Amino acid sequence: MGFQVKRSVRAVLTGFLCMAMVLGIFTGNVTPAQAASDAVINLSTKHQEIRGFGGMNHPSWAGDLTASQRETAFGNGDNQLGLSVLRIFIDSNSNNWYKEVATAKAAIAKGAIVFATPWNPPDNLVETFNRNGDTKAKRLRHDKYAQYAQHLNNFVTYMKNNGVNLYAISMANEPDYGHDWTWWTASEIVTFLKYYAGSINCRLIAPESFSYNKSISDPVLNDPQALANIEILGTHLYGTSYKNFAYPLFQQKGAGKELWMTEVYYPNSNANSADLWPEALGVSEHIHNAMVNNLQTYVWWYIRRSYSPMKENGTISKRGYCMAQYSKFVRPGYRRVSATENPNNGVYVSAYTGDGKAVIVAVNKGSAGISQKFTVNGQNITNVDRYRTSANENLAKTSNLALTDNGFWAYLPENSVSTFVCNLKSTSVSTSAPSNGWYYIKNPASGKYLQVTGNVGAAGQNVEAGYKTGALGQRWYLNKLDNGYFTLSSALGNYMLDVSSAGTADNTNIGIYHAYSGEAQQFSCKATSKAGQFGIMTKVTNGKSGLHLRVFDNTNVVQNGYWEGTNQVWSFEPVN
């Protein structure tokens, strides 16, 4: 019953937005209008890195996805959603953790990342208290914070032992909406983060507010010690007005952190509402507003539900197609770039770049079709494909639109969303490693350099990143091998950069070890879009993973799956 009450409250909150949307739209045959202004895309002006789009799987509450539904959700072929993020449930009873494994493994196999959220701590860690007259309200006992951190660690370990390396774990679901689970005050959140969260062996998400309640997350941002122990500031967007999507304090103080939207449905959870049109188009507009306000993920509530991207019969809904206009084409690691966000009344544009492409998503919420001009600055377009969802279309494809002056005109029907995939003219970027020699190896995004911890030469010594000192522990000799790989020898002695125990898993530590030039000590360069900057890929993973500066502490270097994230890109500076 509590769950149903919660969803009803959400329906009321989000219903106001839905009503405004519906009342503001009418249909009819209207003569197409010329756009009032061009939509100008500037590829050189980059904003946040996109981590992905996804949804929640909750076997205990809604049943598990079937094998075919997992393919539909996380595959990116025809009639598939292309989701790249999966959220799973941390049951307070560890005997139920097995339920999360099958779909999580399937998602990872398709290239998705998986993160997990708890609703409640184990019963023995919880107490009731009087909250505004509610004498049955629940909270984590203040003397059990360390045990709770261990509970979260146990889940990380359990999933890893069952083939699922979590990308991140949350400390709590909607701590400001604990009617049906556990309440947390802002002060309690800060206390837990400052003194206990540092022991959690995974990227940490907090605080996952119900409706982007800044009074819950501001204290975290304003406390350097608490902030240091999270990697991701997460929030939900239930009932949040678009004007409150912006978060200036995060932009000011959240350097090195990620900003995720970890749960929502929009505009409502009405039964069998997933195919209603033009109501479903609101999903595309909602995603647009999340993206242009620097959120890096967009995660739906249930993946499969009568109001969700996937209907109960496993087919994609209209809401799903509106979400797929982003998820299939704006892939993990892409960067949002500058775009004219509202070039015409009712038209909303965002743009992204990655993999040699510019991806433009244009939502026309208006009651008339628009002939819109798109101009792309910063790189030349070779061709453009269009995918469109409207009242009568679902990701309908039109190939190779006509180009003019490094741009194109496109018709945006009333109540439609269009995605334009622009292939860009390749630039000459070297894919080979620099010549043999001594180098400092820099992560340009952080300004830090690859270094041996403590400047101590010893087998098994850790490798991290630090600001340039010129110490021997920051100097590496690159030696090319005949097989196309290279080794990196430390100036501290007969040691080489080394993948610990030749491990292939994400978060395998990088250190130095006695030089023997085995596969764990062989690396290759993967070109990026910027000359002289590379991913440094590991041979033990056949080039699938590379050196990764952990956002966790912005210092330690590990091996992680490669997506050309800013913390995975390196440059070589010759030692003079």
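This is a predicted model: local features need pLDDT of at least 70, side-chain atom pairs count only at pLDDT 80 or more; totals for chains, interfaces and linings use all residues.
1. Two strands count as paired if DSSP finds at least two bridges between them. To find your place in the pairing, look for Phe129, which stands opposite Ala137 in E7.

2. Now the rest of that sheet. It is an open one of 3 strands, running in the order E6-E7-E9, and the pairing is mixed. Strand E6 (126-131) and strand E9 (182-183) are at the edges with a single partner strand each, so each has one side left without a neighbour in the sheet. As a reminder, strands of a sheet pair through backbone hydrogen bonds, either parallel or antiparallel.

3. On to helix H3 (residues 67-74). Which of its residues are buried? They are Gln69, Arg70, Thr72, Ala73 and Phe74. Note that Arg70 is on that list. As for what they pack against, the buried residues of H3 meet strand E4 (85-90) and helix H4 (101-109).

4. Next, a helix pair. Two packed helices are described by the angle between their axes and the distance between the axes. For helix H6 (residues 186-195) and helix H7 (residues 214-221), the axes come within 9 Å and cross at roughly 35 degrees. The crossing of H6 past H7 is right-handed. On the H6 side the contact uses Ala186, Ile189, Val190 and Leu193, and these meet Ser215, Ile216, Pro219 and Val220 in H7. By class, the residues of this contact are 7 nonpolar and 1 polar, with no charged ones.

5. The aromatics deserve a look. The count comes to 36 aromatic pairs. Take Trp61 and Phe89: the ring centres are 5.9 Å apart and the planes sit at 40 degrees, so the pair is tilted. This pair links distant parts of the chain, with Trp61 in helix H2 (residues 59-62) and Phe89 in strand E4, 28 residues apart. Buried or exposed, where does Phe89 fall? Phe89 is buried, at a relative accessible area of 7%, while Trp61 is partly exposed at 35%. Strand E4 has come up already, as one of the elements that the buried residues of H3 pack against.

6. A second ring pair is Trp119 with Trp301. Here the centres are 6.1 Å apart and the planes are at 40 degrees, so this pair is tilted too. Trp119 lies in the loop between strand E5 (113-118) and E6, and Trp301 in strand E13 (residues 297-302), so the pair ties together parts that are 182 residues apart in sequence. Trp119 counts as buried at 4% relative accessibility, and Trp301 counts as buried at 0%.

7. Last, a cysteine. Cys422 lies in strand E21 (residues 416-424) and is buried, with a relative accessible area of 0%. What does Cys422 touch, leaving out residues up to four places away in sequence? The contacts are Gly356, Lys357, Ala358, Ile360, Ile381, Asn383, Val384 and Phe408. The C-alpha atoms of Cys422 and Thr382 are separated by 7.3 Å, with the two residues 40 apart along the chain.

Note on methods. Residues are numbered from 1 along each chain as its sequence is written. Side-chain values use heavy atoms; hydrogens and water are left out. Buried means under 20% relative accessible area, exposed over 50%, partly exposed in between (1.4 Å probe, protein chains only). Helices (H or I, at least four residues) and strands (E, at least two) are DSSP runs, numbered from the N terminus. Contact means heavy atoms within 4.5 Å. Axes are lines fitted to C-alpha atoms, for helices over the stretch in contact, and angles run from 0 to 180 degrees between N-to-C directions. A crossing is left-handed if the near helix is turned anticlockwise from the far one by less than a right angle, and right-handed if clockwise. Ala, Val, Leu, Ile, Met, Phe, Trp, Tyr, Cys and Pro count as nonpolar, Asp, Glu, Lys and Arg as charged, and the others, Gly among them, as polar. Rings of Phe, Tyr and Trp (its six-membered ring) pair if their centres lie within 6.5 Å; planes under 30 degrees apart count as stacked, over 60 as edge-to-face and the rest as tilted.
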